[in-house]
Amino acid sequence: MEVEILSRIQFAFTVAFHYIYPPLSIGIGLLMVIFETTYIRTKKKEYEVLAKFWTKIFAITFGIGVVTGIVMEFEFGTNWATYSRYVGDIFGSALAAEGIFAFALESSALGVLLFGWNRVKPWVHLVATWAVFLGSMFSAVWIVVANSWQQTPAGYHIVGEGMQARAEILDFWAMVFNPSSVDRLTHVWIGAFLAGTFLILSVHAYYLLKGRYVVLSKKAFKITLVVAVISSLAQLATGHSSADGVAVNQPAKLAAMEGHFEAEGPADLYLIGWVDKKNQEVTGIKIPGGLSFMLHQDFETPVTGLNAFPEEDRPSQVNAVFQFYHLMVAIGMFLIALSLFALIQWKRGKLFENKWLLWVFVFTAILPQLANQFGWFAAEMGRQPWVVYGLLRTSDALSKSVQANQVLFSLILFFIVYSILFLLFIYLMNKAIQKGPQSDIDFDEGSLNQQITEVITNK
Amino acid sequence: MADTLFGLDYPSWWFLVVGGLFAGYAILDGFDFGAGGWHMFFKQDSSRDTALKAIDPTWHGNEVWLVIGGGTLFAGFPVFYGTLFSAMYTPFILFLLFIIFRGISIKFRNMEPMQWWRRMWDWSYSISSIMLAFLLGVVLGNILHGMPLDNNFEYVGGGFFEFLNPFSILVGITGVALFMMHGAIYLLLKTEGKLYSRMQQFLNIGMLFFVISYTITTLYGLFTLEHLLTPYMENKIFFAVPLLVFLSIANVPRLARKEKYGWAFVFTSITIALLLAVVALELYPTLLLSSDNQENSITIYNAAASTKTLKIMMGFVAVGGPLVIMYSYFVYRTFWGKVKTDTEGY
């Protein structure tokens, strides 16, 4: 039992820490591709400056993302040996495919992206930038496929019994396109776009507030805002589609997300609430029958509740799943409202006039990160007590030969090292942002005015 | 009845694929480890800077081989993957932490000008590189040594420090020596002037270090671990491979004396591949020898994924392998030749 808790904490901690970085790399990568492509097409120097500046930031996030990513691949073997044996055929194949088809592309091209500005022709460099971006998108494909198979297993059969039981592939494409793959992949991709775009918006809003790189930042802000508006709206669609899928494929998880206990009855939709598991009650603001309506366009249609499942087959942390899910949704809604409001201000020609709006953007960078984390916590805790839904329990998936003191030792080490890593990340990001793009051409209206004033007064 | 491809069954093919990937990883990241190992012996900041620039654009691509190797091992031999990684819990966790420190040291060193900052990352880079080489050797040593397994292929030894036995430590040291020799030659290809002549001295030390540690490890292995010799006694033709290892190693100092470092690098690479071939011949078709009861040994047959999975993955490798080699070729070509000391990069 102790080993199980420690191993679960360790995996959750290392994977949650890892997940700060890949979404940033994918999201910043998208804008890097847009900036550099625009530069190659228009030859306008400011896009080159933007592309180079964001490549510097990208280098920091990508580096930490890679080194913290290998950890999980190893942990499947070190901490979850029984799981590894059980799913190796399927989960292992997806990991191998990720390495061969995605990670190799992005990591090789990364050298050219970072060090090749003066070594290769501009269009070759652009190809490298695209390769890194597409490589990170493909990585997400295989990782999400692997995880989705844990949520909604398909295309497999079970061979052997007891300790020797294993899931083997029957139909590769059914395994890849399992019922939740596509919904979850698009949700993850767009979540990553949001993480990247809102960081870029935050940094350029900060420059605008400080009166630095004003022309450059206005340009970058507008381009990025367009991506943010599209992404935040699209996220609503993929989220809704995901929830529909969860209702069909993992009813116990959906019931936990809304705190719906009654085995068969109309289900409410909560805006906020608190779940009292013991008394099977939720206190909060709700739309009665709202969940039924969302799923079936009717307020009366019954939805399967937690009580339809035996105690040992349903998630135990109902309130946590509920809260993580609702916080994610709330953040998503806020991002839509904020980006649409900014768009309207832009149309009115007032986008950069409200200081408070820019300050809101400065601090919003953290929110998509939180939403991504909360979403995964809801998804993974909602799947419990299963590690592979309906097939293998988390408690059975452990490494039998590993002892609690070993896991405690590694957990402490990871905690120390990741704390150092996080402090370094913040320090280096802050430094790169404070230093700014440092372009040799000054696009800055502010300082340009200043220069003109100086010239005039000297005369 | 077993499915075969060109007369060889799929688990055997997969044994070759995984072995090939790890050989590729050892050759590629091996010189990164070696270069890192020498790093703390450079006195000047500019030398350290050049040495770091020599591997900076390519080490990411090299690390990919580890990720792919791990993925193919997981998918192809899941039983082995689970048992080995959980049995070798401590060394693998340490390996991960050093992989993290190696990576961030390279990334962060040049982001600040302060002397203490650069020193700190220089040391962490160098120690991590040496420890990575050592731990890979230690794990390999344990695989060759065998370990106690039960009839569910679970490791039944235990404790924190089981992974450290005289043989695994010797293999670990030999790994460090091998990669330092290999890395010294790589740096000779990438540097000029004073650093170049200093690397020439280092290479002599590296070659001596390797020959001594390799000889001791081999003798110790032959005298204490009888099972290692069995496959060779049964098929005398196998002795050709150790003979080739000997010839390949002998070539290295010969070419180094003529300053033909390009060829010397080819021969250290071949040496690494051949040493792994020696290991493969000792093991095949076993993957992990059960030291108490041989019945419980993990072989490529009882550890393998289904033939269908292996076939699918052969397809991955057939399509993806040439792609990976193409990317690597392109990147190495872009950064071919001596390190330019002007400040380029991000």
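Helices here are DSSP runs of H or I with at least four residues, strands are runs of E with at least two, and both are numbered from the N terminus. The model is a predicted one, in which local features need pLDDT of at least 70, side-chain atom pairs count only at pLDDT 80 or more, and totals for chains, interfaces and linings use all residues. Residues are numbered from 1 along each chain as its sequence is written, while chains are lettered from A and ligands numbered from 1 in the order in which they are written.

Helix α2 of chain A itself covers residues 21-42, so 22 residues, and stretches 31 Å from its first C-alpha to its last. That is close to the 32 Å expected at 1.5 Å a residue, the expected span being 1.5 Å times one less than the number of residues. Of its 22 residues, 16 are buried, so α2(A) is largely enclosed by the rest of the structure. Buried stands for 20 or more other C-beta atoms within 10 Å of a residue's own, exposed for 12 or fewer, and partly exposed for anything in between, with C-beta atoms placed from the backbone.

As for chain A as a whole, it holds 15 helices and eight strands, and 51% of its 459 residues count as buried. The C-alpha trace spans about 90 × 50 × 40 Å along its principal axes. Among contacts in chain A with a separation of 6 or more, 76% come from residues 24 or more positions apart. A contact requires the C-beta atoms of two residues, placed from the backbone, to lie within 7 Å.

On to the interface: 60 residues of chain A are in contact with 61 residues of chain B. On the chain A side, α3 (45-78), α4 (81-115), β2 (166-169) and α14 (404-435) each supply at least two residues, and α4(A) gives the most, with 26. The residues on this side split into 31 nonpolar, 21 polar and eight charged. Nonpolar covers Ala, Val, Leu, Ile, Met, Phe, Trp, Tyr, Cys and Pro, charged covers Asp, Glu, Lys and Arg, and the others, Gly among them, are polar.

Strands β4 (269-276) and β5 (281-287) of chain A pair in the antiparallel sense over seven bridges, where pairing takes at least two DSSP bridges between the strands. A:L269 has A:I287 of β5(A) as its bridge partner. Four residues lie between the strands of this hairpin, in which A:Q280 takes a positive phi near 55 degrees.

Most residues other than glycine have a negative phi, and most peptide bonds are trans. A:Y213, not a glycine, has a positive phi of about 45 degrees; it sits in the loop between α7 (181-210) and α8 (214-249) of chain A and is buried, with 28 other C-beta atoms within 10 Å. In chain B, B:E259 has a positive phi near 60 degrees, but counts as exposed, with 11 C-beta neighbours inside 10 Å. Cis peptide bonds join A:Q384 to A:P385, with omega about 5 degrees, and B:Y284 to B:P285, with omega about 0 degrees.
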